[in-house]
Every structure is written in C-alpha cells, then in structure tokens.
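Here is a friendly walk through one structure, meant for someone meeting it for the first time. Have a look at the sequence and the fold, then read on.

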Protein chains: 2
Amino acid sequence: MKQSLTFIPTLREVPADADVKSHQLLLRAGFIRQNTSGVYSFLPLGKKVLQKVESIIREEMEVINGVEVFMPALQQAELWQETGRWYNYGPELFRVKDRHERDFALGATHEEVITSLLRDEIKSYKKLPLTLFQIQTKFRDEKRPRFGLLRGREFIMKDAYSFHASKESLDATYEDMKQAYTNIFTRLGLNFRSVIADSGSIGGKDTHEFMVLSEIGEDTIAYSDSSNYAANIEMAEVNIQYVDSEEKQETLKKVETPEQKTIQEVAEFLETVPEKCIKTLVFKADDELIVVLSRGDHEINDIKLKKVLDAQTVEMADPLEVKELLQCEIGSLGPIKLPIGVKVLADHAVKYIVNGVCGANEKGWHYTGANPGRDFSVDEYADLRFIVEGDPSPDGMGTVKFAKGIEVGHIFKLGTTYSIPMDGTFLDENGKSQPYIMGCYGIGVSRVMAAVAEQYNDDYGFMWPNQLSPYDIHLIPVNMKDETQAQMAEELYKLLKSYRYEVLFDDRAERAGVKFADADLIGLPIRVTIGKRASEGIIELKYRQAGETVEVQKEELLEKMQAFFN
Amino acid sequence: MKQSLTFIPTLREVPADADVKSHQLLLRAGFIRQNTSGVYSFLPLGKKVLQKVESIIREEMEVINGVEVFMPALQQAELWQETGRWYNYGPELFRVKDRHERDFALGATHEEVITSLLRDEIKSYKKLPLTLFQIQTKFRDEKRPRFGLLRGREFIMKDAYSFHASKESLDATYEDMKQAYTNIFTRLGLNFRSVIADSGSIGGKDTHEFMVLSEIGEDTIAYSDSSNYAANIEMAEVNIQYVDSEEKQETLKKVETPEQKTIQEVAEFLETVPEKCIKTLVFKADDELIVVLSRGDHEINDIKLKKVLDAQTVEMADPLEVKELLQCEIGSLGPIKLPIGVKVLADHAVKYIVNGVCGANEKGWHYTGANPGRDFSVDEYADLRFIVEGDPSPDGMGTVKFAKGIEVGHIFKLGTTYSIPMDGTFLDENGKSQPYIMGCYGIGVSRVMAAVAEQYNDDYGFMWPNQLSPYDIHLIPVNMKDETQAQMAEELYKLLKSYRYEVLFDDRAERAGVKFADADLIGLPIRVTIGKRASEGIIELKYRQAGETVEVQKEELLEKMQAFFN
C-alpha cells in the first residue's frame with residue numbers, strides 16, 4: 001500500500017486524555033480515533049491488526065470444531081425477559097425502541113439469542129454437541145469507559161457457545177476451549193495466565209479468565225510462587241491452617257477510645273495490633289442484615305460472602321439501617337450483646353483471636369479481652385476474606401504473590417442456567433426431555449489488540465510482533481525526488497509484493513526525519529530504507545524490535561526477508 | 001467440515017411467512033433464521049456465503065485503492081444534528097440513549113461519522129484524494145421489512161466514502177467505483193444493470209443504482225431495447241417530440257357527468273379517450289398548493305415535480321385543503337377559471353391536447369372542447385410524468401421497456417452536501433480553505449446474498465455458483481455403517497481437503513433419501529456420492545447446475561474436480 005493513498009494520521013504529541021501507553025500509541029500512530037466516550041473507529045492500520053487477531057482466533061476455533069455464525073445486535077426484549085436479565089442486567093444494557101415502540105436490547109452478549117435459535121432446531125441428543133462462535137460488535141454501556149480499547153462501550157468480541165447432552169461432553173469442550181485459548185494468546189505473543197475466576201452476571205459454575213499480565217490491569221491475580229496456581233483474587237480461596245494461641249484468656253474489659261476511628265488507631269491506642277482486632281461489618285444480603293466479622297488486617301470478599309449466603313445480591317448495609325439495628329454508628333460496631341436473631345458470620349481467622357479488641361456498639365468505646373465463643377457467638381465460620389500476599393498458595397504449594405492483569409478471555413461452564421428458563425430441551429437416548437448443558441466462551445478482540453499494543457512498544461512507538469503487524473515491511477525512499485531512489489523503491493515494492501509480503505511504501509514527499517519518526521511510531525517489524533547509497537545498490541534494513549541496522553546489497557533483500565520472517 | 005459437527009437445520013416444508021424463493025430456500029436450506037421482523041441470524045452456511053461475498057467486494061475495493069476502516073454503530077446525535085438529518089431522517093433511524101441520557105443514532109449510514117473523522121485530520125490537498133470503505137452492520141427501521149434479507153432492519157453493508165480536492169478527482173473515483181461495482185456484480189454472477197437513479201435522503205447529484213433483474217424487484221427499470229440506456233423509472237426522462245394535431249378547435253362546453261368517477265368512465269361516457277382527458281391534481285410543495293396537469297393516460301412523477309419546483313417536500317394535497325382552494329371535491333377538478341394566484345404546472349403532453357375533457361370544478365360536471373392556452377393558462381410546462389413502455393428511449397435510441405430490479409448497489413456524487421454543514425475543509429494549492437468534495441458508495445452485502453439466492457435455484461433447492469458456494473463439494477457416503485463406504489469417505493475427505501477443496505462431509509446416520517434431498521437443497525456445485533459400487537472403487541459425481549450424474553473411478557476424482565473448478 002502506498003502511504004499517500006491510505007489514512008495514517010500520526011501525532012507528535014501525546015494526547016492529553018490518554019492515560020496508558022497502548023491508548024497513547026494507538027492514537028499517536030493513527031490506528032484508532034475516539035468518536036465519543038468508549039466508542040472508537042478503527043483506521044486502516046487498526047483495522048488490519050484487528051483482522052489478523054480475528055484470523056488467529058478463527059483458525060483456533062475451527063481446530064476445535066467451532067462453527068462460525070453471525071447473530072444480530074438487535075435482540076428482542078422478550079428473550080431477555082425469559083431469563084430475567086432484562087430486569088437485572090442494569091444500565092450496562094443499551095435498550096432501544098423500534099418505530100412500533102417494541103423494546104430491544106443492543107447485543108451485550110448472545111446467550112439468549114443463541115439458545116432461542118437452537119431450541120427450535122436441535123431436538124435430539126444425536127445433534128449434540130455443537131459449538132458455535134461469532135466475531136462481532138458488542139455494546140455495553142460501561143459506567144467508566146477508559147484506557148481506550150481496554151474498556152469501551154462498543155467493542156469487538158469473539159463469543160462462542162457450546163451445547164451438550166451431558167456434563168462430560170461440556171467438560172471435554174471446556175478443556176478444548178481452554179487449550180484453544182492458550183494457543184490463541186500464545187500465538188498473539190501475549191504474556192498471560194489462565195486464572196480461576198468468578199462468573200459474574202453470566203451465571204454458571206466453573207470458569208477461567210485469561211489474564212494478560214500488565215501493570216495497568218484492572219484485575220488482581222493471586223498466583224503461587226512455586227506452582228501453576230493462579231486465580232482472580234475475587235476467587236482465590238484462603239487455605240491456611242491457623243494455629244491455636246497459647247495465650248491465656250483475659251477478662252473482657254470496656255475501655256474508652258475517645259478519638260480513635262480506624263482499626264490502626266484503635267490498635268495503637270490500646271497497644272495491640274490489627275491482627276488482634278475484630279472488624280465488624282454489616283451487609284445486606286437480599287433483604288436481611290447480617291453481621292460479618294474479620295480480622296482487622298483482613299478485608300471481606302463480598303463474592304465469597306454471597307456464595308456462603310447463597311444470596312442474589314450482597315452489599316454493604318446502609319448506615320441508617322445499621323444504626324436502627326444496632327443502635328450505634330458504624331465505627332464502633334462489635335459482636336458482643338447483639339440483638340437476638342441477628343445472624344453473625346465470621347472469617348475463619350476470627351476464631352483464633354485470643355483477647356481481641358472489638359467495638360462496644362457504643363460511640364467511643366471498645367472492648368479488650370474479647371474472646372470468640374466466650375464473649376460472643378458466631379453462627380458460621382467460613383472463608384470470607386480476600387487472600388493476601390504471603391498467604392500459602394491455595395493448592396498447597398508455595399506462597400501467594402499478586403500481579404495485575406487485563407482480562408482478555410473468559411470461559412464458563414453455564415450448565416442449564418439459560419436452557420432451563422428458556423425451555424431449551426432435547427430428547428436424550430431414552431426419549432426423555434432434558435435441558436441443554438451449555439458453555440460460553442469470550443475473547444475481547446479489540447481489547448486483545450490493546451493488550452498487545454501495551455506489551456509491544458518502546459519510547460519511539462510500537463514494535464509489532466510479526467503475526468499481528470499491519471504490514472510486514474516499511475519501505476522508505478529517503479527522498480522521492482531522487483530518481484534513483486524513487487525508481488529503486490518502486491522496483492523493490494513490486495518485488496516484495498510479488499513474494500506476498502505486505503508492504504507499506506512511504507511515497508510521501510516528507511522529510512526523512514518525519515518518515516523515520518512515523519516508521520518508528522507505527523512499528524512494522526522491518527524498515528527498508530533507500531537512501532544515498534542507492535546509487536551503489538546498497539539499502540539499509542532496520543529491525544524494529546532488535547533495534548539493529550544493517551546495510552545490504554539490494555539483491556540480498558529477499559533472502560534477508562525470508563530469513564527474518566520464516 | 002463434518003456435517004454432524006455443524007448446524008444446518010433444513011426444513012422440508014416451505015415456511016408459511018416466506019413469500020419469495022430466496023427467502024424460502026435460505027430458511028429451508030438452513031442458511032438463515034429470523035430473530036424478529038427484519039432481523040436475521042446467519043447460520044454456518046449463510047455466514048460462509050457472506051464471507052465469500054465480502055472477500056470479492058474487499059478485493060475489488062482494494063484494486064481501486066479503497067482502504068478498509070471500521071467505524072462504530074453508536075453515533076452521537078450531535079453529528080447528525082450538524083447536518084440536520086437527526087431531525088429529518090425520520091423513524092427509519094433507530095435512536096438510543098445511554099446511561100447519561102445522551103442521544104445516539106444507531107448507524108444507518110456513516111457520512112457524518114466519517115466526515116467528522118477526516119475533518120480533524122486531513123487539512124491539506126496533498127492528502128487527497130482518499131477512499132475509505134468498511135463492511136459492517138447497518139440499522140434502519142424499515143416500515144415494511146420483507147422478503148427476508150432483501151429488506152431487513154439490521155443488515156450488512158459495504159459503504160465507501162471518497163474525499164477530493166476537485167470535481168475532476170471525484171469524477172475519476174466515481175468512474176473507478178462504477179467499474180469496481182461492475183466487476184463485483186459480474187464476479188458474483190448476477191444478471192444486473194447499472195441505472196440512473198435518484199439520490200433520495202443521502203443527497204447529492206450524479207448517482208447510479210446497480211439493479212439485479214428480478215421478478216420480485218421492488219424497483220422498476222426503464223431500459224432501451226436498442227441501447228445501454230437504463231434508469232430507475234423515478235428518474236427516466238421523457239424525451240418525446242409530441243406532434244401538433246390538425247384537429248380543429250371546438251367550442252368549450254360544460255356537460256353533465258352524473259355518475260362518472262374515473263377518467264376511463266368519463267372518457268367512455270363522453271365518447272373520447274383518456275389521451276384527450278386532462279387529469280388535474282393538487283400537490284402541496286413545501287407549504288404551497290400547486291395544480292398539476294397531465295394527460296389522462298399518464299401518471300405524475302413526484303420526484304420530477306419536486307425537482308422542477310426545487311421543493312424540499314412534495315406530497316398530494318389534503319382533500320380538505322383542496323376543497324377550500326377550489327370549492328370542489330377531488331374527482332371533478334379542472335384547470336379552467338382557477339382562483340387568481342394558483343400556480344399551474346403541466347406535463348409537456350398536455351400542451352398538445354386539442355378539444356380535451358377536463359373537470360369543471362363542480363361536482364358532476366366536466367368540460368369538453370377544452371384547449372390549453374385558449375381556455376386555461378399554464379405557468380410552466382415540464383417533464384413531469386412517469387415514462388411508460390413504448391415511449392422513445394431518452395437517449396434517442398430505440399424504445400423503452402420495463403423490468404423489475406433489486407437494488408444491490410448505489411453510488412453517489414455527494415459534492416459538498418456533508419462537508420459544508422460539517423465544516424470539513426482543507427487548504428487548496430493556493431492556501432485557500434475549501435470544503436471536501438465527496439462521494440459515497442454502498443453495496444447491500446446481505447441483500448446481494450439474497451439476490452444471488454434468488455437467481456441460482458431450481459425446484460429442488462440452491463445451485464450456488466462456485467465462487468459463492470459455502471463449500472465446493474458435498475461428500476456423501478450413502479451408508480455410514482458400511483465400512484467400505486465410510487472408510488473411502490474418510491480417505492477422500494482427507495484427500496480433497498489436502499488439495500484445499502472445501503468439503504462438506506455428510507457423516508450423518510441418515511437415510512440416503514434424506515442426505516440427497518438435503519444436498520440438492522443446500523446446492524453445492526458438486527456432490528460426490530460413495531455408494532454400493534465403492535467396493536469396485538467407483539463413485540458418483542453429480543453436477544448440481546447441469547444436473548448431470550457420472551460414475552468415475554475414485555482415482556479420477558481429483559482430476560475431475562480440477563477440470564470443473566479451474
């Protein structure tokens with residue numbers, strides 16, 4: 001492609017509103033432009049990278065017998081009402097009315113649509129299993145779109161759905177998919193981990209996320225320093241054997257803590273440590289207020305709490321409701337002498353506190369010498385806290401460390417979450433009607449592009465890996481007005497194209513400095529420069545990632561290209 | 001692809017709500033399913049055809065230096081407000097609000113978005129011309145979605161936009177695009193014509209439609225029986241030299257026509273012909289009521305009328321308004337003794353009526369012996385009527401005939417229709433600010449698929465042309481339980497795939513009759529049947545379009561395939 005004929009609006013300055021490297025460079029190198037918050041256009045270079053990402057995904061989906069389809073963005077509300085998501089998906093779901101005032105969702109995901117398609121067609125176990133996928137625009141009205149393509153409101157996704165007659169069949173496809181995802185992210189050149197995850201609003205049970213390790217990741221991964229274990233910290237189990245203390249139980253004492261607000265302050269004032277404080281929180285689980293205890297140095301994980309309670313929703317209780325329940329402000333809450341009937345849950349660690357400190361349910365007062373069992377009772381001890389660095393790894397091997405990750409893929413075992421409410425059934429081998437057992441599998445295609453961009457760059461611009469680079473070679477005659485250079489450029493352009501290299505030919509009448517700066521910014525793997533020594537038949541190759549520059553005879557060009565690209 | 005692993009839900013019965021062949025067969029052969037009115041899912045076979053259509057379009061766009069981009073569906077209302085289309089596009093434009101109550105249009109077309117992208121980036125004539133295209137889902141809330149993919153509310157479109165510094169440059173790209181479209185529709189195997197067209201709500205001047213000739217077309221094409229002339233009848237000029245009559249002018253006479261309502265009835269009653277009747281209509285052009293006359297056997301073309309009047313909108317006047325103006329019901333209107341100040345337009349043919357019949361603006365009365373000029377005056381004669389079969393061709397060669405067409409492509413010279421209101425300007429060679437001169441060019445990708453489907457079928461199903469067929473070869477072992485057949489099928493499947501043929505391998509445990517019926521319905525170019533004579537090494541080839549069947553040695557298979565596909 002001649003550069004004069006395409007549209008690559010490079011920028012010298014870093015755009016003010018772009019916080020992360022990938023976003024800055026995708027804008028600066030002219031790959032994308034923002035249309036409005038969270039909504040982007042892919043310009044020619046961006047579109048080419050997207051297509052390469054899509055091809056790799058498509059190939060790996062086909063290896064595991066995924067079949068491509070294309071479903072609509074306009075989804076009739078009735079389908080989302082069948083599963084209830086019309087009511088509980090919240091403001092992230094764009095909703096639109098047609099000219100007859102009928103309601104539609106703008107496709108945020110396609111579980112409902114695909115289940116409705118199959119339930120009319122697949123009536124027998126003989127036609128199962130089946131794995132369908134699509135690559136398509138999705139719409140989610142994110143509260144805080146940011147980081148460019150990393151969290152957008154309109155984005156491109158590969159979503160796949162599998163349908164099975166048995167759990168074993170789902171397990172097999174899930175493992176295939178895990179392998180396919182591993183292949184995809186490996187081929188994309190990403191530094192990633194697959195981690196145990198929470199299934200969120202999609203529903204379902206077993207689920208893994210694929211996380212690209214990155215400083216700017218919005219998720220925290222807990223991983224073992226000596227095994228393959230990795231999980232989203234939302235999900236990482238705490239698997240620790242606390243040890244009984246030999247400390248002697250003291251008497252419970254009510255003490256004044258006139259100015260101390262935080263756990264740290266209270267602990268210091270009472271000459272103890274946060275580990276010996278009992279943090280008391282009140283949550284609202286569905287409609288019930290629940291008291292939840294943890295150690296002062298731990299944080300309650302509401303996803304774990306929700307699971308233990310088997311609740312639909314769990315959130316911090318409103319301070320007014322708390323005051324009504326316990327006659328006390330938040331900040332001085334404690335588990336001693338609670339009103340009858342209030343359920344108390346505690347994290348396992350609380351059980352091992354001896355002579356703890358807790359609020360006295362009276363402003364400005366705490367207890368010391370508080371001992372669980374003796375001074376207050378707990379209805380249930382469970383794993384309720386977030387794992388912390390230094391905890392033993394949940395798989396029993398090594399110690400937990402944290403890393404930040406960008407979620408680029410997510411695979412779920414849905415089971416019958418969608419097929420039961422939507423009446424998606426087949427007849428099994430005994431002629432009995434059964435709901436489909438389903439899986440669903442997503443990759444954020446445009447987000448992947450940003451994740452690669454985040455990983456492959458230096459101070460001068462991108463350094464695209466060969467398999468994703470918008471073009472293979474940047475061919476640059478330094479001076480298009482020099483006839484020798486211009487002629488050699490045309491000649492090499494034709495030659496390289498005839499060998500099926502994708503060439504970006506900078507035929508612009510720009511200064512050499514501008515051309516080189518643009519080339520570094522765009523970041524194709526190899527720059528072929530035709531300069532003053534063209535008259536001697538000598539050209540220059542610059543390898544973008546290695547940063548090396550060599551002069552070669554033009555006759556050697558093809559050989560060098562083959563050596564590099566094969 | 002093994003048929004057991006993909007999703008091809010064929011139907012034996014013709015779906016009740018599908019009126020046209022392409023829609024019936026796309027449903028029956030399992031290529032598409034309707035999600036809701038005008039909204040479809042592309043199942044695996046449909047998606048494959050789509051991809052082939054898209055590849056051909058992409059290739060031809062690249063030949064003329066079109067560069068691919070991908071713009072969003074969510075388009076901020078502010079852009080559409082800049083051009084005014086937010087207010088006058090009407091209910092066809094889907095509108096959606098985000099969580100902050102901001103208004104968006106769902107992309108029906110992308111003139112506003114692309115102009116907004118370029119106006120920030122292309123500031124110099126040096127960077128022009130530029131042709132950008134995308135292949136993408138579009139949303140238009142059609143009043144009457146119908147005929148399956150032919151008129152949908154969510155559909156796939158290739159849209160291209162070109163930007164120029166001069167009219168000559170636009171002309172050149174327009175001609176390139178016309179050639180590219182001709183190549184595309186030729187490669188797609190369509191029987192089409194390019195016709196002169198109206199630019200509708202997109203705006204602009206020169207414009208051509210590409211029409212696939214088809215009985216079910218919603219448009220009528222007027223074409224010459226002896227030249228290349230073809231136009232949408234909306235646009236076909238009437239280029240006829242009417243001849244002065246030698247008939248002597250009679251006296252104007254008012255006659256009673258008590259029961260005669262239609263022109264036909266009046267003409268018969270008064271012993272004359274519709275050609276001698278003067279049809280009188282009242283139109284509302286913007287806010288003015290206008291009297292428009294045509295010959296009784298002609299129809300007024302409101303697009304021509306709108307152009308002659310240079311009006312924004314033209315519609316039939318409300319009967320109440322007509323009554324107020326002329327003190328008479330519609331049905332007895334005539335041009336004689338009209339109130340002062342009422343503008344009268346007439347089609348050229350009216351000028352040559354001698355002793356005509358017209359309404360007397362009094363219920364139950366007409367005039368005979370009416371002569372233009374003598375009995376009534378006309379402000380302007382113009383070409384206002386629809387062309388009819390038998391008229392001379394507007395290019396002066398031959399006679400006009402009519403055909404029905406499906407519009408599959410449309411190219412427009414937009415000029416500065418969008419760049420002026422949107423302030424899309426560049427500096428010309430003299431440093432002067434000029435608005436971009438633009439073109440836009442569309443192809444209905446999913447509609448093309450339906451148009452091909454409409455053209456390539458017989459009573460048994462589809463007969464896909466090679467270049468668009470979802471697979472090349474349908475490989476069918478008659479009995480998968482027969483080990484010789486099953487083994488040979490696997491062997492040939494591998495062989496054909498290794499030669500890069502796309503093979504659909506019917507490995508299902510279905511009866512031969514079901515397999516053959518499905519194969520005819522799906523309509524791949526060649527069926528390779530492995531039946532009883534497999535043990536002798538003999539297989540059967542069926543050429544779907546020719547309907548021929550031949551038996552060959554399996555060793556001849558590759559050679560036969562090469563002969564057919566090359």
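## A covered strand and its neighbours

Let's start with a pairing in chain B: B:Ile473 stands opposite B:Val503, which belongs to strand 28 of chain B. Keep in mind that this is a predicted model. B:Ile473 belongs to strand 27 of chain B, and this strand pairs with strand 28 (residues 503–505) of chain B in the parallel sense, over three bridges. To get from strand 27 of chain B to strand 28 of chain B, the chain passes through helix 11 (residues 483–498) of chain B. That makes a β-α-β crossover, and it is right-handed.

Strand 27 of chain B has another partner too. It pairs with strand 29 (residues 526–530) of chain B, again in the parallel sense, and here there are five bridges. How many residues of strand 27 (residues 473–477) of chain B are buried? Five of its five are, so the strand counts as mostly covered. The cover is on both faces: B:Ile473, B:Leu475 and B:Pro477 are buried on one side, and B:His474 and B:Ile476 are buried on the other.

## Rings that meet

Next up, the aromatic rings. Over all chains, the count comes to 34 aromatic pairs. Take A:Phe185 and A:Phe210: their ring centres are 5.6 Å apart and their planes sit at 35°, so this pair is tilted. A:Phe185 is in helix 6 (residues 167–187) of chain A, while A:Phe210 is in strand 10 (residues 207–213) of chain A, so the pair ties together parts that are 25 residues apart in sequence.

B:Tyr181 has a relative accessible area of 0%, so it is buried. B:Phe210 counts as buried too, because its relative accessibility is 0%. Back in chain A, ring pairs join A:Tyr181, A:Phe185, A:Phe192 and A:Phe210 into a cluster.

## Charges over rings

The charged end of A:Lys254 sits over the ring of A:Trp365, at 5.5 Å from the ring centre. A:Lys413 does likewise with A:Tyr174: its charged end sits over that ring, 4.9 Å from the centre.

Most residues other than glycine have a negative phi, and most peptide bonds are trans. A few spots here go the other way. The peptide bond from A:Leu128 to A:Pro129 is cis, with omega near -5°. You'll find A:Pro129 in the loop between helix 5 (111–119) and strand 7 (130–139) of chain A. In chain B, B:Leu128 and B:Pro129 are joined by a cis peptide bond with omega of about 0°, and B:Pro129 lies in the loop between helix 5 (111–119) and strand 7 (130–139) of chain B.

Then there are the positive phi values. A:Glu271 is not a glycine, yet its phi is near 50°. Its place is in the loop between helix 7 (263–269) and strand 14 (278–285) of chain A. A:Glu271 counts as exposed because its relative accessibility is 74%. B:Asp423, also not a glycine, has a positive phi of about 60°. B:Asp423 is in the loop between strand 21 (400–415) and strand 22 (425–427) of chain B, and at 57% relative accessibility B:Asp423 counts as exposed.

Finally, step back to both chains. Chain B can be laid on chain A by a turn of 180° and a shift of 0.1 Å along the axis, with an RMSD of 0.1 Å. That is the relation of a two-fold axis. Which residue of chain B comes closest to the rotation axis? It is B:Val96, whose C-alpha is at 2.7 Å. As for the interface, 100% of the interface residues of chain B are also interface residues in chain A, so the copies meet through the same surface.

Notes:
Residues are numbered from 1 along each chain as its sequence is written. Chains are lettered from A and ligands numbered from 1 in the order in which they are written. This is a predicted model: local features need pLDDT of at least 70, side-chain atom pairs count only at pLDDT 80 or more; totals for chains, interfaces and linings use all residues. Side-chain values use heavy atoms; hydrogens and water are left out. Copies are superposed by least squares on the C-alpha atoms of residues with pLDDT of at least 70 in both. Contact means heavy atoms within 4.5 Å. Rings of Phe, Tyr and Trp (its six-membered ring) pair if their centres lie within 6.5 Å; planes under 30 degrees apart count as stacked, over 60 as edge-to-face and the rest as tilted. Helices (H or I, at least four residues) and strands (E, at least two) are DSSP runs, numbered from the N terminus. Buried means under 20% relative accessible area, exposed over 50%, partly exposed in between (1.4 Å probe, protein chains only). A charge sits over a ring if NZ of Lys or CZ of Arg is within 6 Å of the ring centre and within 35 degrees of the ring normal. Two strands pair if DSSP finds at least two bridges between them. A crossover is right-handed if, with the strands pointing away from the viewer, the path from the first strand over the helix to the second runs clockwise.
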